[in-house]
Amino acid sequence: MTTLKASEEGLVKIRQARRERGSTIEDPRWLVEGSQTLEPDRTWTEAGPYADGLSLPTWRRFLGGREPIKANAFKAFCTVLQLNWEEIVDRPPPENPQPPNLDIDSVVEEIRQKCHSKIQQLYSKMQLLDIAQPVDVSNLYVEVNILEEITSWQAGEISDLLRDFNPDADNFNRLGLGKVRQKRLPGLDAVKSHSKLMVLGKPGSGKTTFLKHIAIQCDRAKLEANKIPIFISLKNFAEIANVNLLEYISDEFASCGVEARSQTESVLSQGRGLILLDGLDEVTESDSDAVVRQIRQFVQKYYNNQFIITCRIAAAKYRFHDEAFTCVEVADFNCEQIAAFSINWFVAFSHNLDAGKALASQFVENLKQQKNQQIRELAVTPILLNLTCLVFQAKADFPSNRAKLYEEGMEIMLRKWDETRGIQRDKVYRDLNFSRKQHLLAFVAATTFERGDYFFDKNQIQQVIADYLANLPDATTDRVQLEMDSEVVLKTIEAQHGLLVERARGIYSFSHLTFQEYFTAKAIVDNYEAHSLKKLVIHITDKRWREVFFLAVGMLQKADDLLLLMKQQVDVLVADDEQLQQFLKWVNNKSLSVDFPYKPAAVRFFYFSLLPSLELALNRNPERFLDPALYLAVKHTFDPAVEFTLDLVLDLAILPVLDGAIDPALSLAHDILLVPLVEPELMQALQKLKKQLPRYPGHKEVFREWWQANGQVWTRELRQIIISYRNIGHDWQFSKQQNSLLRKYYDANKLLVYCLNSGCNVSPAVRQEIEETLLLPIANIQKTGHKCDRQF
């Protein structure tokens, strides 16, 4: 026998002997508190041949009596206390003894009935952050999907991860940062397929809720109806001194009226327990080894029960391979799960069913909108989806200033999530308070984002963290120690907060692109000065920096300086090109020539968008030209609607005559000529031009032949009519480079307007100054006397 422990009677004798010999045993001359070894003295000489390798932790476990220790230590401590170890030792009973004629099914059913009320009261409810009342798990729960391969354990290259992630693309999918290529499986299928399951997941991914759902389903005989659900918070278990798992379960059963410990052992020996061990990562580091050892011993002894353990993925240093556990990972929510959760959420927290469903439908539709991509990106985990639902509920809309929403998200991830659950994690990076954690993440985000790095090698990111730690007050100058500290900090941020994640073995990224953008903006704002703002505005035409601009103006206490710098940088883009300045002059003059009830800048945007080479009005997909909304616009008699359709007809007329473009082009050309326009002269000119067209519909080939012979001349005549009567349709003959520059200029102006209307704090004078000078040529801006180009 390699380990021994005291029997209940032996433990009484140990404590009595210790009291009798207290003055000798506690003599500080040989018992050095805080040391890991016992100083030899005359008392320990009495231990004889067993005295080697004794330690204070072993001595304390011996006195506790709940946990076996090495046999030589057990015998030595008995000798010191002048006890016969053979009279003290606990003799194990025969393996899994069973009472004669035990009806195990009856015992299981009896315990299930006695435990039913407690299970329903403790595990059928859940408390959400910032919501006063608890909610039924069954009312909110959404089926969990799992991944059979743990993503962070897989080998991979950064180039593989970048395959579906191109932030410069027009159709950029922000969710590509964490795209998973393996098949998702229902979580309950994994429960049914594996008797020993370790469920890993990011913070707030729903692991505890998943276990509670399983416990409730089992208790209601909808899952594993012949077993007893036993839900154990490992954090709570670890806080109870000197109790093993069998005793803990027996105490739980006893609180429900199951008095006989033999019944507990009988049930477990027959494999009739569904053991749900929640939150291994929530056990403090000082207790984790002991808890893991207890789990292993318990699983090995009662191996034929069903076990499920949950743990944060980055904290899963214990894999339980010897116990044959299968590891799976909780997958992020997909669109269907987000919709299902939101319906459940709004119904649960609304006064009536119909109102809840209506608000949920509105929430889902808003979440799908392009402008809310960044918010949708966060909604893939229950913890942040709950936050977005809560924010949306207040005004039936998302806030225009997203920075405030993300700030709340950071508060949850960095502080509130653990605090509200009473979890005191080990201060592995104790010098980093909440503020310093944010500064560290901002430093990491800005450093990597400026480099264009979305995925980074472990050594690379540890170096960035080490650079930050080296600049803290009282920081060590030992590079080796800094490297060790940076590794600990990296793993701690991943495990505790989930803001940095391991995408493949040794390759990290922010868990969401939004978080990297948010902390990059925060780094700029926290180091607010003219120099840092000027470094930001040089990226005004870089698509991947758009969200950083938007967040930065939202974070600034006053956004005037940044907005004016952005306006200055936008105007500089086309300031030196005379032909582009002439185009802007035409845009301005044309906008002044019409009487339309919108701000001048809005009218200038409209005429700017008519430039065919920019493809701003409609894309080149011919099917888009058949959109019913277009015909509604055509039927209006307001000048801009008519001019839009006239310009569109001209645009279609100069398209290459392709099979896919002929039908919509000719059909729209005929229809627009039927519109009752304002000027009779224009109507007559277009009617005359219309008569030149071959009869239609039905004769595509006839039209093709006619167009090949007469199309260019007909198009020139159409252009001249439109220019003469409406002063639109000019052939500007811009070069490819000029068209590209105009597109960047247009997009940068849109970003500026987007930021201006984002709910940021901007003075009325600066707002007016920017709006009045949007899309104006430089000469006109100078005449206004505004200071959009002022230097700081």
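This report describes a sheet, a helix pair and several salt bridges in a predicted model.

Residues are numbered from 1 along each chain as its sequence is written. Local features need pLDDT of at least 70 and side-chain atom pairs count only at pLDDT 80 or more, while totals for chains, interfaces and linings use all residues; side-chain values use heavy atoms, with hydrogens and water left out.

**Sheet**

Helices (H or I, at least four residues) and strands (E, at least two) are DSSP runs, numbered from the N terminus. Two strands pair if DSSP finds at least two bridges between them. Seen this way, an open sheet of 7 strands has the order β6-β5-β11-β7-β10-β9-β8, with mixed pairing. Its edge strands, β6 (185–186) and β8 (228–233), each pair on one side only.

Strand β7 (residues 196–201) runs parallel to β10 (residues 306–312), joined by 6 bridges, and Lys196 stands opposite Phe307 in β10. Strand β7 is also parallel to β11, through 4 bridges; there Met198 has Cys327 of β11 as its bridge partner. Strand β5 (residues 145–147) is joined to β11 by 2 bridges and runs antiparallel, with Leu147 opposite Glu329. Of the 5 residues of β11, 4 are buried (under 20% relative accessible area; exposed is over 50%, partly exposed in between; 1.4 Å probe, protein chains only).

**Helix pair**

Helices α21 (residues 434–451) and α24 (residues 513–526) have axes that come within 7 Å and cross at roughly 105 degrees. Axes are lines fitted to C-alpha atoms, for helices over the stretch in contact, and angles run from 0 to 180 degrees between N-to-C directions. Helix α21 is therefore roughly perpendicular to α24 (65 to 115 degrees; under 35 is roughly parallel, over 145 roughly antiparallel, the rest oblique). Contact (heavy atoms within 4.5 Å) involves residues including Leu441 and Phe449 of α21 and Tyr518 and Phe519 of α24.

**Salt bridges**

The structure holds 21 salt bridges, each a side-chain nitrogen of Lys or Arg within 4 Å of a carboxyl oxygen of Asp or Glu. The table lists three of them.

| Pair | N to O distance |
|---|---|
| Lys227 and Glu224 | 3.6 Å |
| Arg479 and Asp467 | 4.0 Å |
| Lys491 and Glu494 | 3.1 Å |

Arg479 lies in helix α23 (residues 479–497) and Asp467 in helix α22 (residues 458–470), so this pair ties together parts that are 12 residues apart in sequence. Lys491 and Glu494 both lie in α23, 3 residues apart, about one turn of the helix. Lys491 is partly exposed at 28% relative accessible area, whereas Glu494 is buried at 6%. Salt bridges with shared partners join Lys491, Glu494 and Glu502 into one network.
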